[in-house]
Amino acid sequence: MGMNLYEVVSIVDAEILTPTLDLSREVCCAYGADLLSDVLAFTRPRTLLLTGLFNLQVVRTAEMAELAGIVIVRGKTVDQSLLDLACASQIPILRTKLTMFESCGRLYKAGMLPCSKDEECADNVCRPL
Amino acid sequence: MSAVLCKKEFYVKKFDFQHAGKAASDVRKVLMDYGFEQPLVRRVAIAAYEAEMNMVIHGQGGTLTLEINFDCIQLVAEDNGPGISDLRLAMQEGFSTASDEIREIGFGAGMGLPNINRCVDFLGIANKPEGGTVVTMRVNLGGEK
């Protein structure tokens, strides 16, 4: 089952930090991590990333891995330079005050799929844009 | 050797975390402009990004060279660092010599070279006698990994 970023916003009570970017894009699954090489190794295109990191490398990682967007957890302050890079790279940034655990839990409960290697989410949304 | 359709060099500065990832981003844009398929672009972009971060973190900066050939896409990352003393260890998932500062930004988990190996069809790593490391990566065209 696919979910779009508007639904993610409402499930994790997120603020939209990149209002100019399209949130109707479909998310295929989600991955929570603070290790960026893990994100590069274990996500698929159109994965939603939940992370406690808020540096430029998160956005670069999302760009290379073709992620659907980033949720920054625990309400951290984000630099304008990160948002500028995110807009240039077309990576929507959401921010929630919830912890990583609660954010992931709410999304999982709402039907978001984990980013596993099996073909659970084979209904086209995993295919590259 | 096949003819080179395109060759571009990107310079990478040591510890420049403001621009780290720019070279890989530029590589990605070149490949998209050439119209390569998205899964292939993603594999090359991830390999380029990991190699670039290695040059920023460990390699004292260096050069990332992209070559598009008829039969493959080649990336060569040539750095100015101390070289890799134990290649077998460096290829092992989880082995890292990165500092705590690097770990704080989300790298240094010991997944860089294994990640590159996962994305490419050929990976060659050589220490230069005068110092520095040359990492050669190739992704074949016309075949799925």
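This is a predicted model: local features need pLDDT of at least 70, side-chain atom pairs count only at pLDDT 80 or more; totals for chains, interfaces and linings use all residues.
The radius of gyration used here is taken over C-alpha atoms, and the rule for a globule is 2.2 Å times the number of residues to the power 0.38. For its 145 residues, a compact globule would have a radius of gyration near 15 Å; the value for chain B is 14 Å, so chain B agrees with the rule. The C-alpha trace of chain B spans about 40 × 30 × 25 Å along its principal axes.

The secondary structure of chain B consists of five helices and five strands. Their order along the sequence is β-α-α-β-β-α-α-α-β-β. Among contacts in chain B with a separation of 6 or more, 60% join residues 24 or more positions apart. Of the 145 residues in chain B, 39% are buried, where buried requires 20 or more other C-beta atoms within 10 Å of the residue's own.

The remaining topic is the interface between the two chains. Here 20 residues of chain A are in contact with 22 residues of chain B. On the chain A side, the elements that give two or more residues are α2 (36–42) and α3 (56–65) of chain A. Of these elements, α3(A) gives the most, with seven residues. By residue class, the side of chain A that touches chain B comprises 12 nonpolar, three polar and five charged residues.

Conventions: Residues are numbered from 1 along each chain as its sequence is written. Chains are lettered from A and ligands numbered from 1 in the order in which they are written. Two residues are in contact if their C-beta atoms, placed from the backbone, lie within 7 Å. Helices (H or I, at least four residues) and strands (E, at least two) are DSSP runs, numbered from the N terminus. Ala, Val, Leu, Ile, Met, Phe, Trp, Tyr, Cys and Pro count as nonpolar, Asp, Glu, Lys and Arg as charged, and the others, Gly among them, as polar. A residue is buried if 20 or more other C-beta atoms lie within 10 Å of its own, exposed if 12 or fewer, and partly exposed in between; C-beta atoms are placed from the backbone.
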